Amino acid sequence: MKVSVRTRRTFVAAAAAATMLTLAACGPGDSGEGDGGGDAGGDGGTTTVGFVAVGPEGAWRSANEQNIRDTFTTDAGYDLKYAPATNLDQKSQIDAFTSFVDEGVDVILLSATEGSGWEDSLTRAQEAEIPVILIDRGIEPDDDSLYVTRIAPDNIEVSKSVANWALETFPDGAKYFTLEGPAGVSVVNERNEGWDEVVGAESSFTKVGAQTANWSTDEAKSVVETVLKANNNDIDLIFAQNDEMGLGAALAIEEAGLTPGEDVKIATIDGTKGALEALSEGRLSFVAEYNPLFGDTAVEAVTSALEGADVDSYIIVPSTTFDSPEAATEALPDRKF
Amino acid sequence: MSTATSSTFGERLRNVGRQQFVWAIVAIVLLLVINVIKDPTYLSISYSDNLGGLRGNLVDILRASAPILMIATGMALVIATGGIDLSIGSAMVIAGAVAMEFLSASGSSSLGTAGLALLLALLVAGVLGVVNGVLVSVVGLQPFISTLIMMLAGRGIAKVITGGQNTTATSEPFRWIANGYVVGLPVVVLLAVAIVAVVGLIVRRSALGLMIEAIGIDAEAARLAGVNKRAIIFTVYVAAAVLGGMAGVFATASVMTVDVSNTGNQMELDAILAVVIGGTSLAGGKFSIRGAAVGAVLIATLDKTVVFLGVPSSATPAFKAAVIVILFLIQSPWLHTQLAKLRSRRTTTPTTAEVTA
Amino acid sequence: MSHEPIVEMRGIHIGFPGVKALDGVDFRLLPGEVHALMGENGAGKSTLIKCLTGVYSIDAGEIVIDGSPRQLAGTADAQEAGIATVYQEVNLVRNLSIGENVMLGHEVRGRFGISWRATHRRAKENLERFGLGHLDTRLPLSTLSIAVQQLVAIARAMVTKSHVLILDEPTSSLDKQEVSTLFGVIRQLRSEGVAILFVSHFLEQVYEISDRMTVLRNGRFEGEFLTKDLDRSSLIATMIGRELSTLAGEHEVRDGVAPGQREPLLVAENLGRKGSVGATDLAIGKGEIVGFAGLLGSGRTELARLLYGADRPDSGSITLKGRKTAIGSPAAGLANGIALSSENRRDEGIIADLSVRENMILAVQARRGWMRPLSKKDTDEIVDKYIKEFGVRPADPDRPIKNLSGGNQQKVLLGRWLATRPDLMILDEPTRGIDVGAKADIITAVQKLAEDGMSVVFISSEIEEVARVSDRIVVMRDREKVAEIVNDGTVSAATIVAVIADEEGTAQTVAALDVSDETFPGTTSTSTPTGTSTSTERSES
């Protein structure tokens, strides 16, 4: 049973509440305490958790992994062994994974740098009766008998939320342009998929074009500057697949003598502090969060797994959306990433 | 330089054709023509009160060229010595990180602060160049390896400088570097052209160009001729990094944000491409700053054309690659000999053939 | 030693595009002998070895091994025929263990694949034969000195129980002690009946270890001799292709200044560099032409490079015009008024893609530093002057130097060095590979320079040329200076050859050297007088 809750104009508390909801729905009435943490398994001793992580990759990943490390604390009864990949190299991850299995840790958290090639390692963990929980990244092929659960926000859901906002905001349709990440990356495909599922069906929406700006602010600025000229400024909406590109688009729009938010609206995904600031100034119109902070969810899943309770094979981390300057202003002081 | 005696128009034309970057100019013109076909007003330039300067697609192309011009110039010097600088994109992000971090920390929008940020950015980028220079010229590591190390380390350093964040700052004078106008012309273009011209002049008016070429063609012969190989190679890597720093300032001042994972990312490839398009061999030796500059403008034109034409993202790399492969084919000596063969076979009166050539 | 030859090569021909590398060469190797293959660089020694080891396939001729004719289509064929080779650069795998290196390709197999224990044991047995039983075969090879690696390489070569061992310049990087260890091993193998082909440019070592020698010159067979029957002068005369009697010729005493009376320009004391040239004392007077004579590899080029700073000396000092001067780089050499024209014009002289003009001003410009460029006027002055003075053809300063003939390139380079107005001009093989006319131009120029007060070091493989031009001749052998001959007009090439040949370094008379070649029965000696215009080609490396 998948649970996806979209909350609006609520923020950190919403995330925690959603976590509760999620777990209440899938676990057989476990601790249920929203503050997360809790005593692991209740067996008195500490629980050893091996975290096969991605390591330095970007702001989102840093926030995500820091959050996991901050949640699985010694005070909460955990001994977290953090093993980031060296240079995003899968082999270093497999090595770390194997040594966790050999050590006999209680549970393994895995954020795979690459989806494929994990069958052997996961089978070994299964033989050693060590539950594995996937954090954010899935595996390919997605054989959910090999792991307990995957906890991740859902790109398709997140971009659907942007699309739904677009439909509400432009009831009479709009001309829109999409700023994509690097071509072929799965995140880009999923964010396109969610958007197209909703907007593609609307004949009133005209796609002026899509171009990659490689997640980058200055490239996005350069792309949008030319796109505006090519279309005589006749664009209503820009869907930027990350915050940085959205900010670049805002700069280009301003330079063209237009006002972002009025002449052209910009919607972005991620929900970084910078984007919320821009939203609070009205330069962006909509920001959908791709929530990195799900350490609490992970703790609950670990607890359930160790107790042998049933855990859903995919736990979607609920993500918030922000559709007004006020919502952004409210959220800003607590923004962690 | 050349004291060439009187030559026919045909000969002169053929000499021009032998300069590889001429074909890059042809390519730029063709791309512009394609854009004009799509939209007849493509080349129009107007004065924008909002910006306080000229606006138009051509202006956009030149502005987009500015950072590439910087790194292509630096890369040309490095490649001419027989080396390569893969860390030039990291010099960009480091300079950007230093500038943004300094500006955001100081919180001041004064001209002095902006100047200091610029100076500091170039200085720190220069330090990266010093490390490259020492690794290559003193330690004697392979340029590819040394600069590859610095490419990886550099981005890491930038992340340390900003604490892993994409730092944003406000400084009107600093923003002006990339977005401002002087007598209607974009400052960033004026700066870029001036810097390329100054570097070109220094290199050709002093003996630096001769020394660089001598080292690139035959390092041992140059050393035995008394050329201070170490000092020249060192100089070249520092110059490349400082130019990379300038490119980083351009790129970050434009959006007043340093994006630690994306600013300058893979820009070394654009730089290398621009240099090669400009007719400098990757093996080192004879080089052309002018050619590299033309190559830089071509790359910017190509980037802009792709967006203007609305080439789908997935087809963009293929489109760019096709243009560049065709260009290299046209430039290749092989094609020229083939054409010459054809010509001599076909014509009976060589003089007319030359004129049509 | 009257066995049948184990290797017999007859009428070997092999050519590379444009070059006849071997032209009808005969060679034979008897069991239980050390046979030296002699010749200058480019004579065809390495080519012959590569024919015998299957690296090159021959165009014509016959190779008989152990009585049966063989087609050697690769190194594996040669190994299978019992021929083992140790090359100049030790070709072992530095990051494998000693034992793995010795047994590479011959690992001992047990029931479960390679048995490393047995392999190392066998390696140790092999090493013991060569007095290397004390080595731990499991250590990486790189922990050994080059000399010991050399011995390990021999041990490895002999794992296959070869009957023939080829040693190509095995001593070039060894010191005296190490050489004697190596020779002990060679003698032991010889007593076991192994036929050893030995190549070295150290005459002393050749005479110490070899029983017999075959001399090649320009890819041709010059003769086979018993070592004890061929004295050094005759050997050298054979190697350079002169009858001893033709090596006479005279030098005119140039300006009547006796050598001792010249004011010294440069005095080198104990100047040396390990592995390159031994500690050397040398004085060069103002306006003096000092010839360096010696075979290739004798250290004459290396000494010249030390004087200029092309290599950094690790011992000794240079006093220039009475002041101690450190010359650690070519730039320092130039700054101190020394110029060196390298023997390797193509790789160390010209900058191929640059124009004649740029090539000519390069050294002057380098000395000024890049920030102070020569003015166009100064540039043109230098370029015009030397193009005219040396008659560079074509006289187009904008032409890339690579499009000029060798002689004209050399003239441009001469211009490059003279434009720096050096006090000492070192010319290493300035006349090599250029036509007769250009050669004469250059010799005349050298003499004129000295007359104008410039000191000159003149190095040439053509000993007659050295004898004719030089006021004083420094004779080099085995990387040492062995003698200095004052050219009082009676010195001829033969005198110099005698000194090169003689261990004691005393000049012998031509008459005393006039030995008839006592060739080995059944071989021919075809030393041909070739006059004065022999060019020494060095197509081989």
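This is a predicted model: local features need pLDDT of at least 70, side-chain atom pairs count only at pLDDT 80 or more; totals for chains, interfaces and linings use all residues.

Residues are numbered from 1 along each chain as its sequence is written, chains are lettered from A and ligands numbered from 1 in the order in which they are written, and side-chain values use heavy atoms, with hydrogens and water left out.

The size of an interface is often given as the accessible area lost when the parts come together. For domain 1 and domain 2 of chain C, the buried area is about 1000 Å², with 68% of it given by carbon and sulfur atoms; buried area is the accessible area (1.4 Å probe) that two parts lose on being put together, summed over both. Of the area that domain 1 of chain C buries against domain 2 of chain C, 33% is supplied by Ser162(C), Leu165(C) and Val185(C), more than by any other three residues.

One salt bridge is found across the interface of domain 1 and domain 2 of chain C, the term denoting a side-chain nitrogen of Lys or Arg within 4 Å of a carboxyl oxygen of Asp or Glu. Glu192(C) and Arg129(C) form a salt bridge through their side chains, at 2.7 Å from N to O. Three residue pairs, both members at pLDDT 80 or more, are in polar contact between domain 1 and domain 2 of chain C. A polar contact is a pair of N or O atoms within 3.5 Å; within protein, one must be able to donate a hydrogen and the other to accept it, and residues adjacent in sequence count only if both atoms are side-chain atoms. Helices (H or I, at least four residues) and strands (E, at least two) are DSSP runs, numbered from the N terminus.

Chain B is assigned domain 1 (52-309) and domain 2 (311-351), and the C-alpha centres of these two domains lie 30 Å apart. Eight residues of domain 1 of chain B are in contact with nine residues of domain 2 of chain B. The two domains of chain B bury about 850 Å² between them, 80% of it from carbon and sulfur atoms. Ile277(B), Leu302(B) and Val306(B) supply 57% of the area that domain 1 of chain B buries against domain 2 of chain B, more than any other three residues. One salt bridge is found across this interface of chain B. Asp303(B) and Lys320(B) form a salt bridge, with their closest N and O atoms 2.6 Å apart.

Across all chains, the structure holds 47 salt bridges. In one of these, the closest N and O atoms of Glu220(B) and Arg305(C) are 3.8 Å apart. Glu220(B) lies in helix 10 (residues 219-224) of chain B and Arg305(C) in helix 9 (residues 300-308) of chain C, so this pair joins two chains. Glu220(B) is partly exposed at 25% relative accessible area, whereas Arg305(C) is buried at 14%; buried means under 20% relative accessible area, exposed over 50%, and partly exposed in between (1.4 Å probe, protein chains only). A network of salt bridges links Glu220(B), Arg223(B), Arg305(C), Asp311(C) and Glu348(C).

Two further pairs lie within chain C. The side chains of Glu224(C) and Arg28(C) form a salt bridge at 3.3 Å, N to O. This pair links distant parts of the chain, with Glu224(C) in strand 12 (residues 220-226) and Arg28(C) in strand 2 (residues 19-29), 196 residues apart. Both Glu224(C) and Arg28(C) are buried. Asp380(C) and Lys376(C) form a salt bridge whose closest N and O atoms are 3.2 Å apart. Both residues lie in helix 13 (residues 376-390) of chain C, four residues apart, about one turn of the helix. Asp380(C) is partly exposed, at 24% relative accessible area, and Lys376(C) counts as exposed, at 52%.

Notes: Domain bounds come from an automatic or database domain assignment. Contact means heavy atoms within 4.5 Å.
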